[in-house]
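Thanks for coming. I have one model to go through, so let me put it on the screen.

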Amino acid sequence: MKLLIVEDEAVIRRGLVTSMNWDELGVTEVEAAKNGQEALDRLPHFQPDVVMTDIRMPKVDGLTLLQKLKEDSPGLFTILLSGYQEFDYAQKAIRLGVTEYLIKPVDKKEIAAVMARIAMQKKDRESKSETLAKAQNQERTEWFNSLMMEGGFVSDTLWQRAGELGISFMEGKHRLFFVEVDNYPILKETWKVEDFQRLYRDVQLFLDEEMPSEYTIQFWPVQAFRCGAIVSSHQSLNLKPLLDALRHKVKEAYQVSITIGMSREFQDARVLPFPMQEAKAALLRKRYEGKDTIYMAAGQREELKHAGDGASFDGPSFMKAINEGNTGHVKKALQQQFRAFKLSRTPLPEVRTWCLKLLLYTREDTQIPVKAEDLFTALNRFDNLKDMAELMVTNFSEMLKEAEVWRENHGNALVLRTIHYLEAHYDEPLTLDELAKYSFVSPSHLSRMFKKETGTTFVKWLNEYRVEKAKQMFKASPALPIYKVAEETGYPDYKYFVKVFKANVGLTPKEYKANLERHSI
């Protein structure tokens, strides 16, 4: 413990500092101040655990000091030194939350007893605080890991729980990544659980220290051999150089390697289950492409395009069909690809690898809950192309059916998220196609669900919202030029803004402003 003694009488002050064997009482550092003001000045630098103060002192007296400590440093333990004639002051001090008080003159035994009681209170408080912190960390961990079970968007219940646990996400851009220790099955034979925990603490410390100041980061353990992190910033997130440095640091300190799987950049934290799946899918590539590296989630890969006898697999078209729920197109594309494999006599291991990549990239680029690991295991049991083709076609068909059911059941959440996005970005160019891509659904599906939930079309809703914003701007800033209002509400074309405004209000912007001026006179 660190002790600050506040006493205006030099002899008493010196005696308190030098006459006690503070080490035996668990006090590691002692400093003294001659009045309350000097004590307040020392607090930020010294940061004591205990403040022992007299009452009557010049400049800032003991009661005023206690009041300031209660307001600014409520966790401090305080000891009041009081004379018999100052008992009324002592009562006031007790109301201010003083921990202990001693009547002058005090002897060593009294001080020792008081410090022993405070030491016990401090230990009890730290124990409770540690228990609470562990419980909160466990709940935070469970919150993050529960997102892996979410179908798409973070539910309102989970989102509310995040606030209760102190989990928050800044407005801006985010990236999520998983860090996994390589060769875990071998390491766990010699490593203890504490060894893995120590490694992940060092990972966190390194990133906390090396991360640019404009970035924020949140960590949580996923499994004994894996931890997760989300980095947020108002700027684009280029994390690869930092994570490469982390890999080298871990290898240097622990003589083990790590592999990192990272999601694409995203802006809406309510879609966390998607980047989690992306990062997990990226990390899964380690099993088939190698460890000790960083795998980035991305869109369609070139390696899917050419297989078999040189036939080109149209990945973008395939993913578009997946998002639109076009089962016929998906079946046809898979059947054609397997015919190409058959004609070219492609070795089965290469076919399995191609299938795995298709499954992983489908999981990354769509909202379909692809069970890549299970399917790949099943593919390994087959020794002929026909069974493998049937498995792929059947499973993709079933996945599309499940996805359609999920979309129908979560239409309200999808539309709410879309509306939240529109309200935040109404001043930017917006199209239904872009919003559908952002939500991992087809434009036709989003359009249908939007109309079903709101009773109006996407375009009409957006125009009405923008016009309301324009009306608010005209009222708040009458001098603002009409063209400026048009630009700030998402209409770079002035004439189109005038047309939309009149269609919704019945007046042109100029007429509306003139009407406002007449009514304000």
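At what angle do helix 20 and helix 22 pack? This is a predicted model, where local features need pLDDT of at least 70, side-chain atom pairs count only at pLDDT 80 or more, and totals for chains, interfaces and linings use all residues. Residues are numbered from 1 along each chain as its sequence is written, and side-chain values use heavy atoms, with hydrogens and water left out.

To the helices, then. Helix 20 (residues 458-476) and helix 22 (residues 494-505) pack at about 95°, with axes 10 Å apart. Axes are lines fitted to C-alpha atoms, for helices over the stretch in contact, and angles run from 0 to 180 degrees between N-to-C directions. Helices (H or I, at least four residues) and strands (E, at least two) are DSSP runs, numbered from the N terminus. The pair is therefore roughly perpendicular, the term for 65 to 115 degrees.

Five strands form an open, mixed sheet in the order 7-8-6-9-10; strands pair if DSSP finds at least two bridges between them. Strand 7 (216-223) and strand 10 (294-296) are at the edges with a single partner strand each, so one side of each lacks a neighbour in the sheet. Strand 7 runs antiparallel to strand 8 (residues 226-233), joined by seven bridges.

Last, Asp54, in strand 3 (residues 50-54). Asp54 counts as buried because its relative accessibility is 4%, the cut-off being under 20% relative accessible area (1.4 Å probe, protein chains only). Asp54 touches Asp8 and Lys104, among others.

Notes:
Buried < 20%, exposed > 50% of the residue type's maximum accessible area, 1.4 Å probe, protein only. Contact = heavy atoms within 4.5 Å. Parallel < 35°, antiparallel > 145°, perpendicular 65-115°, else oblique. Lists of a residue's contacts leave out its neighbours within four places in sequence.
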